[in-house]
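This report describes selected features of one protein model. Please look over the sequence and the structure before reading on.

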Amino acid sequence: MSDISEIRMQVMWNRLISVVEEQALTLLRTAFSTSVRESGDLSAGVFDPRGQMLAQAVTGTPGHVNTMAEAVLHFMNEIPRETMFEGDTYVTNDPWLGTGHLHDITMVSPSFLNGELVAFFACTAHVVDVGGRGFGADGKSVYEEGIQIPIMKFAEKGKVNFDLVRILRANVREPNQVIGDFYSLAACNEVGHRRLVDMMKEIGLASLDGLGEFIFSRTRDAMVERIKAMPKGSWSNALVTDGYDKPVKLAATVTVRDAGVEVDFTGTDPMSRWGINCPIIYSKAYACYALKCVVAPDIPNNAASLAFFTVSSPVNILNAVRPAPVALRHIFGHMVPDLVLGAIAKAMPGKILAEGAGALWNIHISVRPVSGGSGRRAEVLMFNSGGMGARPGLDGLSATAFPSGVHTMPIEATEHTGPIVIWRKELRPDSGGDGEFRGGLGQVIEIEAIEGHEFDFSAMFDRVNHPAHGRNGGGPGVAGVVRLDDGTQMRPKGWQHVPAGRRLILQLPGGGGYGDPSKRSTEARANDRSKEYISENGK
């Protein structure tokens, strides 16, 4: 390829990235749910006509992006090419064909230019409610967890399927928010389609074949080079998590060969009877993300780079099969990177961060007036983060959502969605593991219903009984705590009640430390004290 052709391809590649970024921003700007609008719990991407992901938006979570990369192929298998038309939009929330649980809505839209199929656009977002028991671990099967939407058409030739809209409205607690998000997702893909067509017409492209080959060939070459430089062999790791009513062991073996990297979850505990199971599509998404962070963090995430990673597992809690309850699949999915990175740390000592809080501390609040009173009912969803593990050479980041990457919701936005008050939201001193480099801090959050109201909440927490481990001699992070302001201890998972006048206090876990604590500099310790990251009695 000539220098001019190379430059032209780079320019088109940058234009393609701008297309998917505008696609994602459309969803952020128009979404009804705070989890999407404020936290960026979404994904957006463009695919070639064979269903291979060409590019993803930077905005988005690995769990959504990497499952979406596989989900488009499922849509293509279910909807024959001859029944795809301009103006179509397809939808599903099938946990095994989409993103792992019912609360995530995935939409795929074909993109036509001059009557020819040139691409697919896909996007995903977490909606506030899908009916059933609500967002929580208490379901005994997926049938209890909410409405299931098989892969089907949300719109055909631009005409919305209003029968589906009516069914949705009758089955969810917040119909205006949920249906609004469906239209936002459809608009997200439509904007991507329009921008792509504009780009192709401007440049004079009839298809994306040449650009796709440029993207994939360079990605493949770069991945081969990176994997070639890695040590070869197999390494195993296991970690124990809180589970629902008993601890759960997660296990993984990582094998590095010249052809790629394999992850096997053999040894992981069996499926649970509670809604904490994880379909393999989601476990795979986060395993690939962990590998990508180590192998090639600067190489684009697309079909070519993901092809170097394979994930396998017998049926277990990380490879749950229908009809297992999977509402809280994110908890163990978010633990998968620590699990995989723990194995890689044995192959690449001195280069891998310590364990962190891992799973988001999501909380779903169902607030209502006290019996006989008047007021407002609402469903409120909050995303909160504990501390990251310390890194080789750097302290861990505090109250940061690794590996999910979502933003913490602003208090003002959360209080706007329902009759609750967030009295306190601050970093939790002394929660980061000690070490040459300190683990990131958790946070303390204090929640109360406004006067005359009470609430139930779905706890979706981990690292309460099994804190994050340090690495290379670093100390563990401090475990999380769930309690009321009168000292009543609450469970880390499941629906529970907070009476009127009581406050729920969440103390989020900290990340593990890295390296020998005796090697932490006096300047770093003085800085910790001056910023009250550690108390006077802390180390």
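## Basis

This is a predicted model, in which local features need pLDDT of at least 70, side-chain atom pairs count only at pLDDT 80 or more, and totals for chains, interfaces and linings use all residues. Residues are numbered from 1 along each chain as its sequence is written, and side-chain values use heavy atoms, with hydrogens and water left out.

## Helix α9

Helices (H or I, at least four residues) and strands (E, at least two) are DSSP runs, numbered from the N terminus. Helix α9 covers residues 329–347, and its end C-alpha atoms are 28 Å apart. This agrees with the 27 Å that its 19 residues should span at 1.5 Å a residue, the expected span being 1.5 Å times one less than the number of residues.

The helix has a kink of about 25° at Val336, shortly before the proline Pro337; the bend is the angle between axes fitted to the seven residues ending at a residue and the seven starting there. Of the 19 residues of α9, 18 are buried (buried means under 20% relative accessible area, exposed over 50%, partly exposed in between, with a 1.4 Å probe and protein chains only).

## A nonpolar patch

Met271, Val315 and Val321 make a nonpolar surface patch of about 220 Å². Patch residues have over 30% relative accessible area and no salt bridge; nonpolar side chains (Val, Leu, Ile, Met, Phe, Trp, Tyr) are joined within 5 Å, and like charges within 9 Å. Areas come from the Shrake-Rupley method with a 1.4 Å probe; for residues, only the protein chains shown count as cover.

Val321 is placed in the loop between β11 (309–312) and α9. Val321 counts as partly exposed because its relative accessibility is 34%.

## Salt bridges

The structure holds 34 salt bridges (a side-chain nitrogen of Lys or Arg within 4 Å of a carboxyl oxygen of Asp or Glu). One of them joins Asp88 and Lys153, at 3.1 Å from N to O. Asp88 lies in the loop between α3 (62–78) and β3 (89–92) and Lys153 in strand β6 (residues 152–156), so the pair ties together parts 65 residues apart in sequence. Both Asp88 and Lys153 are buried.

In the salt bridge of Asp129 with Arg173, the closest N and O atoms are 2.8 Å apart. Asp129 is buried, with a relative accessible area of 0%, whereas Arg173 is partly exposed at 38%.
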